[in-house]
There are 2 protein chains.
Amino acid sequence: MKNYIVFALLCITSLTQAQEALFSGGKVSSPQVHADKTVTFRLAAPQADSVQVTGDFLPTIKVETPMGKVDGPGKVNLIKNEDGIWSFTTKALNPELYTYAFIVDGFKTTDPANPFLIRDVVSVTNIFIVPGEQADLYRVQDVPHGTVASRWYDAQDLGFDRKLSIYTPPGYEQSDKEYPVLYLLHGAGGDEEAWLSLGRAAQILDNLIAEEKAAPMLVVMPNGNVGQDAAPGAGSDGYYTPQFMTPETMNGKYEAQFMDIVDFVETNYRVKANKENRAIAGLSMGGYHSMHISRFYPDTFDYVGLFSAAIMPREDKSDKGVYADFEETLKAQKDNGYKLYWIAIGESDFLYEANTEYRELLDKIGMPYEYTESDGGHIWRNWRVYLSEFVPLLFQ
Amino acid sequence: MKNYIVFALLCITSLTQAQEALFSGGKVSSPQVHADKTVTFRLAAPQADSVQVTGDFLPTIKVETPMGKVDGPGKVNLIKNEDGIWSFTTKALNPELYTYAFIVDGFKTTDPANPFLIRDVVSVTNIFIVPGEQADLYRVQDVPHGTVASRWYDAQDLGFDRKLSIYTPPGYEQSDKEYPVLYLLHGAGGDEEAWLSLGRAAQILDNLIAEEKAAPMLVVMPNGNVGQDAAPGAGSDGYYTPQFMTPETMNGKYEAQFMDIVDFVETNYRVKANKENRAIAGLSMGGYHSMHISRFYPDTFDYVGLFSAAIMPREDKSDKGVYADFEETLKAQKDNGYKLYWIAIGESDFLYEANTEYRELLDKIGMPYEYTESDGGHIWRNWRVYLSEFVPLLFQ
């Protein structure tokens, strides 16, 4: 004990700007998740006139925008005590991973007491988990853990090296057996980090495998923006403002080069390189990619998952674009056969109609699929649930 | 192009709380690093009465604290324009990775336009890089990239699984040759993520290897807090407020179990498992760990690096604690021989005197070392430089 008290005192007595980081936090505890699943938010802001918290743990409210009234995040006021500490305690919350921000005198900010943040496109948002039920899949539990690697591969068709994230299951390194592979694709504005951060893919896989609900498998999370070598800040473009849509992301180019990724994985990892042991799934734009990739290579994947898939309106299904030969290639995929074509969407998702229309097409051509409808819209809460439901159906 | 315009419009027309993340950023560009190495900070805060920026790109100022006047980070005022956008442009800055924060009406906050942040203990701080010279080592360049993996191992002496970060050099996976290993240890308040984030270890190694200034090597970055299984938020303790000092971190227990880590690496990776091909180095508490580990196992490491090492005051060098048999074990290490014992510290570091005293002891017992003194104190800027200088000296 003595050593580090001495060390801490030495640090404090010569506080430099870098060392300030060591001591600036911890004035208040926030958010505090209580045993009864209520949550207290606190902010030390004695000079502020108003503090609010906004986040997906609150009911949505109608917000005025140039496009009319739409659903927006709820807000609630914090109350200041005599020490200048603002606080608010929620009612008991459902188990879930939540995001939130503070609004101090109209200025939206992160919670300085909570160092746990996740980037979603350009926004960086604090997170917390209310444990229990489904949310326990999102926590790091005391179970065997897979390895998560950040690795570069030669994207031959694009002409440069690109980064992907890859999860190998517990025991992969010690074993000599071959494993199946799930290719898991992000949405617009995302990148190879999205399924690991907001998607909790490594935790979901670790926990489902530990419960023997999922087969041990590799999960490959590539970058779906063909103009990027890696996530913003992680690639050779350095630090810049991330964009929701990057050029050439939904024009067929990504689908055309996808087998470079499959070849890389099957050359560099101990996997079962056959259709029975390949799955592909994605959210939103990644669902669009999964739909097109699986029909462009119609005898390659035995499992396909479309999570809130960004299926485009009919006018894009012309012969000229990525939708060329749409029905014919789907029919080829159907005739080749597969084990599972799984579609999930939230009832208030803005892509609900496009997905309904797509299912009508599948019905028309007699292409079998399974369909799951949840509440909620185009949100990570749903995509985590869809992944948790989809993975146990694979490779069994 | 048409597809994603349609998609973006669909998103906008049904803005939900999750989707708000997609569109809330990008009102202003901040920070903007100009070609002449000046940097403009901008913040949209029409309701604010004052906005300042503080960070390590500004000269330090004297700050009043309970311990007297100490060096603190400088601050400068931003000026508001008619649109409610505050801005400030620096003079030309030296190439470097800098950290900064805004202060809005007295409230310290991150920059909402900059999604690039790094956690340092409990504080989360925005970063930017002014390119050129030394700072180019910290950038992701268009060179071959190593793989960074986050992996769990069985810490047998501690009784639970623990996480470490490991860098394997470009070509490792395709090669059948064996590589040397650098064990790189973090400071108090850090964890297995620290050298990768603020330390830029992967970029420094990629760039030095590409320039043929460093031998291809593995870099193992374990967690030095024996009470933790992983970094805050990444382990089974879930989300909590990180502490500067965790219990049992500097009491000898970490040193005693260190060979578990070496054994794990040498069993699981294609490495040269001998003294000539092992190096150990660390910053602050990690320098303390490196000093003790290399003398506890006095015939194990041919290269030792102490970066601003937290060498404790004399009263701790009793026979009872981690300093037991201090001189005798150092003499054994000396007699066994090694290739490099490298000590670096900044002239204003609060550990300067303790390091001077330690070098006097080494002189007294005739233990050879190399010594580098830089300007500045106990800061990441120095540790990145020390790593960049130390790595080229290894395994040549």
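Predicted model: local features only at pLDDT ≥ 70, side-chain atom pairs only at ≥ 80, totals over all residues.
Student: Why is S294(B) called buried?

Tutor: The relative accessibility of S294(B) is 2%. Buried means under 20%, so S294(B) counts as buried. S294(B) sits in helix α6 of chain B, residues 285–296.

Student: Why is V385(A) called partly exposed?

Tutor: The relative accessible area of V385(A) is 22%. The term buried needs a value under 20% and the term exposed a value over 50%, so V385(A) is partly exposed. V385(A) belongs to helix α10 of chain A, residues 380–390.

Student: What makes the pair S294(B) and Q333(B) a polar contact?

Tutor: Their side chains make the contact at 3.1 Å. The cut-off for such a pair of N or O atoms is 3.5 Å, and 3.1 Å therefore falls within it. A polar atom of the S294(B) side chain also lies 3.1 Å from the backbone oxygen of M291(B).

Student: Which residues does S294(B) contact, leaving aside neighbours within four places in sequence?

Tutor: They are I280(B), F301(B), V304(B), Q333(B) and Y341(B). For V385(A), with neighbours left aside in that way, the contacts are Q134(A) and Y138(A).

Student: How do you know that R119(A) and E193(A) form a salt bridge?

Tutor: Their closest N and O atoms are 3.7 Å apart. A salt bridge requires a side-chain nitrogen of Lys or Arg within 4 Å of a carboxyl oxygen of Asp or Glu, so the pair R119(A) and E193(A) qualifies.

Student: Where are the two domains of chain A?

Tutor: Domain 1 covers 24–131 and domain 2 covers 143–393. The centres of domain 1 and domain 2 of chain A, taken over C-alpha atoms, are separated by 32 Å. The contact involves 9 residues from domain 1 and 15 residues from domain 2 of chain A.

Student: How many salt bridges are counted between domain 1 and domain 2 of chain A?

Tutor: The count is 3 salt bridges. The rule for polar contact finds 3 residue pairs across this interface. On the side of domain 1 of chain A that touches domain 2, β9 (96–104) and β11 (117–120) each supply at least two residues. The residues of that side divide into 5 nonpolar, 1 polar and 3 charged.

Student: What is the area buried between domain 1 and domain 2 of chain A?

Tutor: The area is about 940 Å², and carbon and sulfur atoms give 62% of it. Of the area that domain 1 of chain A buries against domain 2, I118(A), R119(A) and V121(A) supply 50%, more than any other three residues.

Conventions
Residues numbered from 1 in each chain as written. Chains lettered and ligands numbered in written order. Heavy atoms only, no water. Domains from an automatic or database assignment. Contact = heavy atoms within 4.5 Å. Buried area = accessible area lost by both parts, 1.4 Å probe. Polar contact = N/O pair within 3.5 Å; in protein donor to acceptor, adjacent residues only side chain to side chain. Helix = DSSP H or I, 4+ residues; strand = E, 2+ residues; numbered from the N terminus. Nonpolar A, V, L, I, M, F, W, Y, C, P; charged D, E, K, R; others polar. Buried < 20%, exposed > 50% of the residue type's maximum accessible area, 1.4 Å probe, protein only.
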